[in-house]
Amino acid sequence: MNLSLGVKSILLFVLSIVFLVLLTLFETALVGLTITTERIISLLLLVLPGIVGVVYGFLGIVRKESKVWVAYLGILLNALFALFQLLVISFAG
């Protein structure tokens, strides 16, 4: 199964949402960690997939795939989610 880059971008957005839900559910397990460790975990699980999703979206546009609107949607969703999570992480703690 060969997925287009735009679809991969959307899937990374969905993965970020799943990680957000899992981090929220298991928040009590993170109580003993330092703030720096919590921030690093949040960056790796919430922001990094968004950044990779934006890159996949741009590559989908550059390669002129058949459904370019999916790549644009992936860029928009991933960028907004990653920027929001960066804002939250910068004010946390």
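Helix 1 passes helix 3 in a left-handed crossing, where left-handed means that the near helix is turned anticlockwise from the far one by less than a right angle, and right-handed that it is turned clockwise. Helices here are DSSP runs of H or I with at least four residues, and strands are E runs of at least two, numbered from the N terminus. The model I am presenting is predicted; local features need pLDDT of at least 70, side-chain atom pairs count only at pLDDT 80 or more, and totals for chains, interfaces and linings use all residues. Residues are numbered from 1 along each chain as its sequence is written, and side-chain values use heavy atoms, with hydrogens and water left out.

Let me stay with this first pair. The axes of helix 1, residues 5-25, and helix 3, residues 68-91, come within 8 Å and cross at roughly 30 degrees. Each axis is a line fitted to C-alpha atoms, for helices over the stretch in contact, and angles run from 0 to 180 degrees between N-to-C directions. Helix 1 and helix 3 are therefore roughly parallel to each other; the classes are roughly parallel under 35 degrees, roughly antiparallel over 145, roughly perpendicular from 65 to 115, and oblique for the rest.

Which residues meet in this pairing of helix 1 with helix 3? On the helix 1 side they include Ile 10, Phe 13, Ile 17 and Leu 20, and on the helix 3 side they include Val 70, Leu 77, Phe 81 and Gln 85. Contact means heavy atoms within 4.5 Å. The residues of this contact divide into 12 nonpolar, six polar and no charged. Nonpolar covers Ala, Val, Leu, Ile, Met, Phe, Trp, Tyr, Cys and Pro, charged covers Asp, Glu, Lys and Arg, and the others, Gly among them, are polar.

I turn now to the second pairing. Helix 2 and helix 3 pack at an angle of about 155 degrees, and their axes are 8 Å apart. That makes helix 2 roughly antiparallel to helix 3. Helix 2, too, passes helix 3 in a left-handed crossing. The residues of the contact of helix 2 with helix 3 comprise 16 nonpolar, eight polar and one charged.

Two residues of helix 3 deserve a comment. Gln 85 lies in helix 3 and, at 6% relative accessibility, counts as buried. Buried means under 20% relative accessible area, exposed over 50%, and partly exposed in between, with a 1.4 Å probe and protein chains only. Leaving aside neighbours within four places in sequence, Gln 85 is in contact with Leu 20, Leu 46 and Val 47. Leu 87 also lies in helix 3, but counts as partly exposed at 45% relative accessibility. Its C-alpha atom is separated by 27 Å from that of Gly 60, 27 residues apart along the chain.

Next, the loop between helix 2, residues 35-62, and helix 3, where Lys 64 is found. Lys 64 has a phi near 50 degrees, a positive value in a residue other than glycine. Most residues other than glycine have a negative phi. Lys 64 is exposed, with a relative accessible area of 69%.

Finally, the chain as a whole. It has three helices and zero strands, in the pattern α-α-α along the sequence. The C-alpha trace spans about 50 × 25 × 15 Å along its principal axes. Of the 93 residues, 28% count as buried. Among contacts with a separation of 6 or more, 78% involve residues 24 or more positions apart. The chain exposes about 6,200 Å², of which carbon and sulfur atoms supply 76%, the areas coming from the Shrake-Rupley method with a 1.4 Å probe and, for residues, with only the protein chains shown as cover.
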